[in-house]
Amino acid sequence: MRTNFAPAQLADPHLADAEKALRACVHCGICTATCPTYVLLGDERDGPRGRIVMMQNMLESDAAPSPEVVQHLDRCLSCLGCRTACPSGVDYPRLIDTARAHIETHYARPSGERLLRWLIATVLTRPALARAMLVAAKFAAPLSFLLPGRLRGIAKSGARMKIGHATGLRVESAPGAKRIALMPGCVQKALKPQIDEAVARLLARRGFALLPLDGAGCCGSLVHHLGREDDAKAWAKRAIEAFEHGGDCDAVLITATGCSSHLKDLANLFAGDSDWQPRAARFAAKVKDFSELVSSHGAENPQSLRVAWHAPCSLQHGLRITGANETLLTAAGFEVLAIPEGHLCCGSAGSYSILQPELAGQLRGRKLANIAAVKPDVIATANVGCLEHLAGPDAPPVVHVAELLDWAEGGPKPTPLHHIAGK
């Protein structure tokens, strides 16, 4: 594509990266078949090619976008299936991230939308507040019909969610053990602390010491995808400083792929910042996904379960890791089933299921229909957002891959599988 940015605009490193991505696009349209919203809606404006044109016009003009443009850009899941499919190597994340930051600073959203986005950025990033919100949702559920639109749906969903209760991480302190710094995260810590506990046991069996990264919190991906760059940088700085003060470690781990994908790209968040960009790069170089640390291990308690493996978009299109988790599950004795249309997003996408509930619900229904076609006993995934979004009375049990592997190696049975025979 030809672009028409002013030299002063290209002095901004984020706009410069966006301009490179725009110039790489040849408008071939191969990406459209991999875009969940285009597959659902069939509207060019809800596919990558149409969005790229809208983003170029918006960024070049440096003006406030129209409500129509915001609507179609808001519908993007950031699943990055388009990046995987693109033969020209268009770096779509650079475009959509820059566009969202532009919208955040140039567009006046309706007051209800601003409130909802503030709640996501303030509550979901803090486990204590997230737990309090879930408790409040359970008490308010009978009166949820009084709430407007999406807040009603949030209250109903929150009332169904179970608050997690941590039993404590096992910290391996054997001499010479490799040190893995664990990012505490946010939503997962409130809802599913047992995931990190399973990971701690898995890593301990492999000679790793899993140590909390004291002082860190949310990775910042939730606010980053809302276009709230200052908030994203604040969370990132907190994590980087905790890493720098925590002493030497062999790797930094966060057990949700959406978070690890964001953290591995952290240097880009600080593009042009001579102080924080190199510090972010050093931190990002240490970040590992769960599947990069855990090797195959003998199964003490093999289970002949049919496992539908749901690969989060952040894993297959963000981190670009494929096959690793399937290999681990197979080695542990599970029968791993490939899901039809496995490249399409389930609709979770961070806060997308809150902000775009109708589209997220359609994508969830499509995903569950494809899962039902392979007749699994359980669904395994590697991202808490996908796990919570897919779970429900109309779905098979959904668990994190670490919980299944830990169970196969002698750990406790995952709670959603207590109805299944076996130890």
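1. The buried residues of helix α20 pack against several elements of this predicted model. These partners are the helices α18 (290-293), α19 (313-319) and α24, together with the strands β5 (306-309), β6 (335-338) and β7 (378-381).

2. The residues of α20 that are buried are N325, L328 and L329. When the helix is viewed down its axis, they fall within an arc of 95°, so they line one face of α20. As background, residues three or four places apart in an α-helix point the same way, because there are 3.6 residues a turn.

3. Helix α20 spans residues 324-331 and helix α24 residues 401-408; their axes lie 10 Å apart and form an angle of about 25°. The two helices are therefore roughly parallel, angles under 35 degrees being counted as such. Their crossing is left-handed.

4. On the α20 side, the contact with α24 is made by N325, L328 and L329; on the α24 side, V401, L404 and L405 take part. Of the residues in this contact, five are nonpolar and one is polar, and none is charged.

5. Beyond the helix, attention is drawn to the backbone at G333. This residue follows α20 and has a positive phi, near 105°.

6. A separate point concerns R364, which is located in helix α22 (residues 357-372). Is R364 buried or exposed? Its relative accessibility is 15%, and R364 therefore counts as buried, the cut-off being under 20%. Leaving aside residues up to four places away in sequence, R364 touches C346, H389, L390, A391, G392, D394 and A395.

Terms used: Residues numbered from 1 in each chain as written. Predicted model: local features only at pLDDT ≥ 70, side-chain atom pairs only at ≥ 80, totals over all residues. Heavy atoms only, no water. Axes fitted to C-alpha atoms, helices over the stretch in contact; angles between N-to-C directions. Helix = DSSP H or I, 4+ residues; strand = E, 2+ residues; numbered from the N terminus. Parallel < 35°, antiparallel > 145°, perpendicular 65-115°, else oblique. Left-handed = near helix turned anticlockwise from the far one by under 90°. Contact = heavy atoms within 4.5 Å. Nonpolar A, V, L, I, M, F, W, Y, C, P; charged D, E, K, R; others polar. Buried < 20%, exposed > 50% of the residue type's maximum accessible area, 1.4 Å probe, protein only. Arc of directions from axis to C-beta.
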